[in-house]
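Hi,

Here is the structure I promised to pass on. Please have a look, and read my notes below when you have a moment.

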Amino acid sequence: MAWLVVSLSLIAIWVASFCKIFFRATSTSSKTLQKKNVMFVIAHPDDESMFFSPTINYLASNACNLHILCFSTGNADGMGSIRKDELHRACAVLKIPRQQLKILDHPNLQDGFGQLWSHDLLKEIIQEEVTNHDIHTIITFDNYGVSGHCNHQDVHRGVLKFLQTNSGRNIKAWELVSLNIFRKYFGPVDIWLSILSAKQHPSKVIIINEQPWKSFKAMAQHLSQWVWFRKLFVSFSSYTYANTLNRINA
Ligand SMILES: [Zn+2]
């Protein structure tokens, strides 16, 4: 009997979470994010679809001009050129214009766990992109980098360095808050915890994904990565349903 009550409760929570997503999607506080030219700074092709898609979908449907700066082709397994094409296809699904996607293949910024990226080099490149595209807002990883990947963490530090050396330019920056291992796989249910957490911390905003199926479709463009465990990850990952962003105060 107890298992029946637990199962029914779990189903009820999932249904309530999906209702929250489909009928009352975006929190009011995320209005503060609406700035014209927004640049996502990521490390690898698929970071945008796997982690940032709630924010991308929200900003794209609010007339923001979205750019992506991806610091590598994801060549750790020698599939860099394939993964580059896949990122182009994912951006087409996410409605990010082709000319607003920049994928670097720099010898000192190669994908991999043992690869340490120079924060000064990252800062220089970010600075150039911000100037070239008149960027107002940057969105990137936090200091843990969602999965703990060192390339994600270096990207965060590169953005910090850029902000510290460009404090007079009034560029706003937000970091994607990393969730602990339990909350990471709560799927849509985590939106309740995220909303509670954002209420307690005014510097945070929560963005609920109005189109989770679009995130799934974008991730499916990364065919070389689209293996069974990633399909499971995207289905159960809290990052598919919501993003909590924290304002970076450099
Ligand atoms: Zn990555």
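Helix H5 (residues 119-133) passes helix H7 (residues 150-165) in a right-handed crossing (the near helix is turned clockwise from the far one by less than a right angle). Their axes come within 8 Å and cross at roughly 65 degrees, with axes fitted to C-alpha atoms over the stretch in contact and angles running from 0 to 180 degrees between N-to-C directions. Helices (H or I, at least four residues) and strands (E, at least two) are DSSP runs, numbered from the N terminus. Among the H5 residues that make the contact are Leu122 and Ile126, and H7 contributes Val155 and Phe162, among others; contact means C-beta atoms, placed from the backbone, within 7 Å.

This is a predicted model: local features need pLDDT of at least 70, side-chain atom pairs count only at 80 or more, and totals for chains, interfaces and linings use all residues. Residues are numbered from 1 along each chain as its sequence is written.

Two non-glycine residues have positive phi. Asp46, at about 100 degrees, lies in the loop between strand S1 (37-42) and helix H2 (47-50). Asp46 is buried, with 23 other C-beta atoms within 10 Å. Asp134, with phi near 50 degrees, is in the loop between H5 and strand S4 (137-141) and counts as exposed because it has 9 such neighbours. The cut-offs are 20 or more for buried, 12 or fewer for exposed, and partly exposed in between.

Finally, Gly187 sits in the loop between helix H8 (181-184) and helix H9 (190-200). The C-alpha atoms of Gly187 and Ser237 are 4.9 Å apart.

Best wishes

Key. Two residues are in contact if their C-beta atoms, placed from the backbone, lie within 7 Å.
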